[in-house]
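Subject: Structure handover

Hello,

Here is the structure I promised to pass on. My notes on what turned up follow below it.

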Amino acid sequence: KKRCKSRRKALMIGILVFNFGILAVLKYYNFFAESMEALFASIGLTVSLGHIGLLLPLGISFYTFQSMGYVLDVYREKVPAERNVGKLALFVSFFPQIIQGPIGVYDQLAHQLYDEHKYHFDNIRFGAQLILWGFFKKLVIADRAVGMIHTVAGAYTDYAGTYVLLAALVYALQLYADFSGGIDIIRGAAELLGIDLPENFRRPFFAASIADYWRRWHISLGVWFRTYLLYPLVASRAGIGLAKVGKRLFGAKAGRAMPGAAASMVVFLLIGVWHGFYWNAVLYGLWFGLLTAAGMLLDPQFRKIRKRVTAHR
């Protein structure tokens, strides 16, 4: 039994490395090569690492994360392995969500795809309403706001600070309307077929804190990282050791919060990289990681995270 468990773990790690390796090479190799070439050039060395010109497969980030979530759930024996290759392919490549998500969880989505679905007018009605609402947000709000944003951003030195601030606020609205509008269209298309995809945005601008904001924005991505990375990191030996050190140095409350804060830094750095491997994205991840970690250390609500981690373990 111990040997079998060891083989299962090795197989799981091999699958993760292989699939995330494909994603990393396709999305990030050129950035890595350019950064290393610039680093060598700064010390007077000319090094050429070459660049790849491969096209990035459509939706690769979303279906990679979705399929790797399935692999981890099977490894943890949360769900049984799917023996039918066609059914597994349907779960990984369900067409409405393949470009923008939301990232599906196997035990929530798979049975809907495999079950028989009969015609219901309510599915058509609600699905069409979601699609129309998504098109309104995308075409009427987001696409109209792009003109103003480009005008100000293209020559921001020509405008007073009030206009620059207004453009920044409009950009936040445009980004939300564009992304959430696309998700509404996706969820509506799935609803027409009787498939209920998870909500991906829940009024993020009404959040009470930075952490609450990220629980409302791109929900399926946040759930994926919390389930498969943050909670395991906090419950790991490193997380437990960090809690003990923090307890000795700063007290019991800070000690309990430190593993979650450190894990949040790692998670947000990876979320930033997930959006694109360029320095703005890396700094974006670090910035929100710092804000979230600070909030967890200062906010007494970290007890909720402790309870969820205890349940995970």
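The charged end of K87 sits over the ring of Y114, 5.3 Å from the ring centre. K27 does likewise with W274: its charged end is over that ring, 5.8 Å from the centre. The rule for a charge over a ring is that NZ of Lys or CZ of Arg lies within 6 Å of the ring centre and within 35 degrees of the ring normal.

Some ground rules. This is a predicted model, where local features need pLDDT of at least 70, side-chain atom pairs count only at pLDDT 80 or more, and totals for chains, interfaces and linings use all residues. Residues are numbered from 1 along each chain as its sequence is written, and side-chain values use heavy atoms, with hydrogens and water left out.

**Overall picture**

The chain has twelve helices and zero strands. Helices (H or I, at least four residues) and strands (E, at least two) are DSSP runs, numbered from the N terminus. The C-alpha trace spans about 60 × 60 × 50 Å along its principal axes. The chain holds 313 residues, and 36% of them count as buried. Buried means under 20% relative accessible area, exposed means over 50%, and partly exposed is in between (1.4 Å probe, protein chains only). Take the contacts between residues at least 6 apart in sequence: 66% of these join residues at least 24 apart. A contact means heavy atoms within 4.5 Å.

**Helix 2 and helix 3**

Helix 2 covers residues 60-75 and helix 3 covers residues 85-93. Their axes come within 9 Å and cross at roughly 130°. Axes here are lines fitted to C-alpha atoms, for helices over the stretch in contact, and angles run from 0 to 180 degrees between N-to-C directions.

Which residues make the contact? Helix 2 brings Y63, Q66, S67 and Y70, and helix 3 brings L88, F91 and V92. By class, that is five nonpolar, two polar and no charged residues. Nonpolar covers Ala, Val, Leu, Ile, Met, Phe, Trp, Tyr, Cys and Pro; charged covers Asp, Glu, Lys and Arg; the others, Gly among them, are polar.

E77 is in the loop between helix 2 and helix 3. Its phi is near 65°, a positive value in a residue other than glycine. E77 is exposed, at 63% relative accessible area.

**Aromatic rings**

Rings of Phe, Tyr and Trp (its six-membered ring) pair if their centres lie within 6.5 Å; planes under 30 degrees apart are stacked, over 60 edge-to-face, and the rest tilted. The count comes to 27 aromatic pairs. In one of them, F205 and Y213 have ring centres 6.5 Å apart and planes at 35°, so the pair is tilted. F205 is partly exposed at 45% relative accessibility, while Y213 is buried at 17%.

W214 and F288 form an edge-to-face pair, 5.2 Å centre to centre with 85° between the planes. This pair links distant parts of the chain: W214 is in helix 7 (residues 210-216), F288 is in helix 11 (residues 279-298), and they are 74 residues apart. Both are buried. Ring pairs also link a cluster, whose members include Y176, F179, F201, W217, F268 and Y284. F205, Y213, W214 and F288 belong to that cluster too.

**Helix 6**

A177 is in helix 6 (residues 161-192). Is A177 buried or exposed? At 1% relative accessibility, A177 counts as buried. Leaving aside residues up to four places away in sequence, A177 touches K137, K138, I141 and A142. L166 lies in helix 6 as well. L166 is partly exposed, at 42% relative accessibility.

**Backbone points to check in the viewer**

A cis peptide bond joins G101 and P102, with omega about 0°. P102 lies in the loop between helix 3 and helix 4 (106-114). H218 has a positive phi, near 45°, in a residue other than glycine. H218 lies in the loop between helix 7 and helix 8 (219-235). H218 is buried, with a relative accessible area of 3%.

Best wishes
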